[in-house]
Every structure is written in C-alpha cells, then in structure tokens.
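Please examine the structure shown below.

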Amino acid sequence: MSLARPRRFWLTGAGNGIGAALAEEILKTGAHLAASSRSAAPLKVLSQRYPGQVLVACGDLTNSQAVREIAEQITELWGSLDTLILNAGTCEYVDAKQFDASIIEHVLRTNLLASSYCIEAALPLLQGGIAPHLVGLASAVTFLPLPRTETQGAAKVGMRHLFESRRIALAPEGIEVTVVGPDFVDPALAKKSDLPAPLSWPADKAAQHIFDKLKDRPLEIAFPGLFMAELWPLSKMPDPVKLHSSPPIKD
C-alpha cells in the first residue's frame with residue numbers, strides 16, 4: 001500500500017511576519033509548500049531548512065501575469081493544490097490631517113486585487129486537490145472602524161466580502177473557505193502605533209493559533225474576545241489614537 005502524499009499548500013506573504021511563522025507551522029507537518037514573497041532571500045533560507053518541501057515562488061502579486069506564472073510553476077511541479085492561504089498584504093495608516101487617496105489605491109491593490117488574482121489563478125488547481133481549502137486573512141478592523149485605519153479597513157472589508165461570497169459559490173465544488181481575522185501581529189506595524197501593547201500578538205503565537213484552528217475548517221477564525229473588547233473603546237475615542245504614517249510603496 002502506498003503512503004498518502006503530503007498536503008500541498010500555497011502561502012502568500014511567506015517572507016516575514018505571520019506568513020513566515022505560518023510557513024514554519026505548515027512545513028513542520030511534512031507538507032509541501034509553495035511560498036510566495038516579493039523577496040527570494042527568506043524563501044531560499046526556508047527551502048534549505050526544509051529540503052524537498054519548498055517551492056520558491058517569488059513575484060509581485062499585484063501583477064496578474066506574475067501570479068499566473070506562479071500558478072504555472074505549481075501546476076508543473078504538483079499538478080494541483082490542496083490549500084491556498086492568502087496572507088500577503090500591507091497596512092498604511094492615514095494622516096489624520098492630510099487625506100491621500102494614493103495610499104488607499106496602493107493598499108487595495110496589494111490586499112484585495114492581489115488576493116483576487118491568486119484566487120483566479122489557483123481555482124483550477126484547487127478543483128483538482130484533495131479536500132481543497134481556501135483561507136483568507138482579513139482583519140479585526142472589519143468589525144469596527146478605528147482611528148486612521150481607513151485604508152486597511154476598506155481593503156479588508158472588501159477581502160472579507162470576497163472570501164465569504166466565494167464560499168457560497170465554491171460550496172457545490174467541495175472547496176471550503178475560512179476567513180481569519182487577526183490584527184496587530186506584525187511587530188513593525190505595532191511599533192508604528194500608540195495602541196496598548198497587550199493588543200499585539202507575537203507572529204509565532206498567532207500562526208500557531210491559526211494553524212491549529214484550520215484543522216477543523218471553521219467558517220471563521222477570530223482571535224480571543226478580549227482582543228475585540230479592548231479594541232472597541234478605541235473606536236469611540238474623542239482624541240484619535242496617534243498612528244505614525246509612512247509613505248506608500250510605489251509600484
């Protein structure tokens with residue numbers, strides 16, 4: 001009797017933060033991973049640590065052609081895909097005194113459009129997978145508005161709607177969809193804000209929480225209620241929380 005083959009994942013945003021921690025959780029199970037990031041360096045290190053398990057799939061996911069080329073790599077190597085985890089994205093805080101629409105454009109492209117391109121490219125692969133699973137990381141800011149999070153909120157609300165609509169459409173094909181709602185996980189982003197320190201989760205802890213919950217394929221993976229309970233008063237603050245803005249990355 002032949003042994004069951006390893007599960008095959010495609011994870012975007014695998015180069016740092018929660019994505020890098022998720023990559024570790026996936027690979028420790030013996031699964032195979034197509035790891036995407038703009039930078040090849042961290043992915044090559046990952047492939048050396050887990051020989052034979054990692055497909056380095058670098059590319060700018062805001063470029064639909066680059067996404068199609070990654071899907072072609074996966075097709076050539078594996079033929080199909082079991083799990084797609086859409087984690088890649090960016091967060092830019094809006095200057096409270098000077099509204100800049102270009103920041104919203106950049107964040108929408110990096111989060112919502114890139115996710116759409118990946119779903120389009122991966123769908124034929126998932127249709128040939130075993131117990132296929134689509135996982136999308138949205139954000140806690142989709143539940144309530146927070147000071148200076150207009151860009152993140154607009155992008156992540158759109159992503160949540162995209163994932164939940166896809167869940168309905170893909171159900172007849174047996175493709176399950178899970179939406180994840182973490183926030184304030186990336187240490188670099190946490191340092192840019194004046195939000196209370198308890199709101200920030202270490203990336204490895206967040207990744208463990210997500211990966212453990214994914215085994216049950218829930219509709220939603222929400223972080224503990226205390227997290228949202230602490231966020232809620234911030235949306236009502238008369239004096240906006242000071243979030244330090246950084247200029248958007250120009251494509």
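Two strands are said to pair if DSSP finds at least two bridges between them. In this predicted model, three bridges join strand β6, residues 176-181, to β7, and the two strands run parallel. Within this pairing, G181 has A222 of β7 as its bridge partner.

The pair belongs to an open sheet of seven strands, arranged in the order β3-β2-β1-β4-β5-β6-β7 with parallel pairing. At the edges stand β3 (54-56) and β7 (220-222), each of which pairs on one side only. From one strand to the next, the twist averages 15°. In general terms, the strands of a sheet pair through backbone hydrogen bonds, in either a parallel or an antiparallel manner.

Helices pack on this sheet. Helix α3, formed by residues 64-77, touches β1 (8-11), β2 (32-35) and β3. The direction of α3 makes about 145° with that of β3. Helix α7, residues 203-214, lies across β1, β4 (83-86), β5 (133-137), β6 and β7. Relative to β7, helix α7 runs at about 150°.

The remaining topic is a pocket. Rolling a probe the size of a water molecule over the atoms shows where empty space is left. The second largest pocket has a volume of about 210 Å³. Which residues line the second largest pocket? The lining consists of P6, R7, F9, T29, G30, A31, T83, H133, F211, L214, K215 and R217.

Terms used: Residues are numbered from 1 along each chain as its sequence is written. This is a predicted model: local features need pLDDT of at least 70, side-chain atom pairs count only at pLDDT 80 or more; totals for chains, interfaces and linings use all residues. Side-chain values use heavy atoms; hydrogens and water are left out. On a 1 Å grid over the protein atoms alone, a cavity is a set of points where a 1.4 Å probe fits but cannot get out, and a pocket is an open set with protein on both sides within 12 Å along at least five of seven lines; lining residues have an atom within 4 Å of a point. Grid points are joined across faces, edges and corners, and a volume is the space filled by probe spheres set on the points. Helices (H or I, at least four residues) and strands (E, at least two) are DSSP runs, numbered from the N terminus. Axes are lines fitted to C-alpha atoms, for helices over the stretch in contact, and angles run from 0 to 180 degrees between N-to-C directions. Contact means heavy atoms within 4.5 Å.
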